Amino acid sequence: MSSHTLGAEMVANVHTVFVAVGDTVTPDTEVVLLESMKMEIPVLAEVDGVVREIAVAPGDSIQEGDVIAVIEEVDRDE
């Protein structure tokens, strides 16, 4: 199994964190909701897997490239 790092694509504030360590996610799972310039930007998991780390909390300011979460990829066929 490999790990997938979900990173910030822009400068933003973390509005809401929807998952916790140990949660199972799919590519359509909303991981966090960011706020930038009064717009809400959902960040979705990009792989099937299990959340191994959440690196942000509501109210955090993040920069482009900052780690949001680490997801351990799983094969759906397993």
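Biologist: Why is S36 called buried in this model?

Modeller: The model is a predicted one, and in it S36 has a relative accessibility of 14%; since buried means under 20% relative accessible area, S36 counts as buried because its value falls under that cut-off.

Biologist: Where is S36 found, and which residues does S36 touch once those up to four places away in sequence are not counted?

Modeller: S36 is found in strand 4, which covers residues 30–36, and, with residues up to four places away left out, S36 touches M10, V11, A12 and I41.

Biologist: Why is M37 called exposed?

Modeller: The relative accessible area of M37 is 76%, and exposed means over 50%, so M37 is placed in the exposed class. The residue lies in the loop between strand 4 and strand 5 (39–44).

Biologist: Is K38 buried or exposed, and where is its place?

Modeller: K38 is exposed, with a relative accessible area of 81%, a value that the cut-off of over 50% puts in that class; its place is in the loop between strand 4 and strand 5.

Biologist: What makes the phi values of M37 and K38 worth noting?

Modeller: M37 has a positive phi of about 50° although it is not a glycine, and K38, also a residue other than glycine, has a positive phi near 65°. Most residues other than glycine have a negative phi.

Biologist: Which strands form the open sheet, and what makes two of them edge strands?

Modeller: Four strands form the open sheet in the order 1-8-6-3, with antiparallel pairing. Strand 1 (3–7) and strand 3 (24–25) are the edge strands, as each pairs on one side only. The protein as a whole has zero helices and eight strands.

Biologist: Which residues touch the most other members of the largest nonpolar core, and which elements give two or more residues to this core?

Modeller: The core has 18 residues, of which V31, V32, L34, I62 and I68 touch the most other members. Strand 2 (12–17), strand 4 and strand 8 are the elements that give two or more residues to this core. V32, leaving aside neighbours within four places in sequence, is in contact with T16, V17, F18, I41, P42, V43, V56 and I68.

Biologist: How do you know that the radius of gyration agrees with a compact globule?

Modeller: For 78 residues, a compact globule would have a radius of gyration near 12 Å, and the protein has 12 Å, so the two values agree. The C-alpha atoms fill a box of roughly 40 × 20 × 15 Å along the principal axes.

Methods: Residues are numbered from 1 along each chain as its sequence is written. This is a predicted model: local features need pLDDT of at least 70, side-chain atom pairs count only at pLDDT 80 or more; totals for chains, interfaces and linings use all residues. Side-chain values use heavy atoms; hydrogens and water are left out. Two strands pair if DSSP finds at least two bridges between them. The radius of gyration is taken over C-alpha atoms; the globule rule is 2.2 Å times the number of residues to the power 0.38. Buried means under 20% relative accessible area, exposed over 50%, partly exposed in between (1.4 Å probe, protein chains only). Contact means heavy atoms within 4.5 Å. A nonpolar core is a set of buried Ala, Val, Leu, Ile, Met, Phe, Trp, Tyr and Cys residues joined through side-chain atoms within 4.5 Å.
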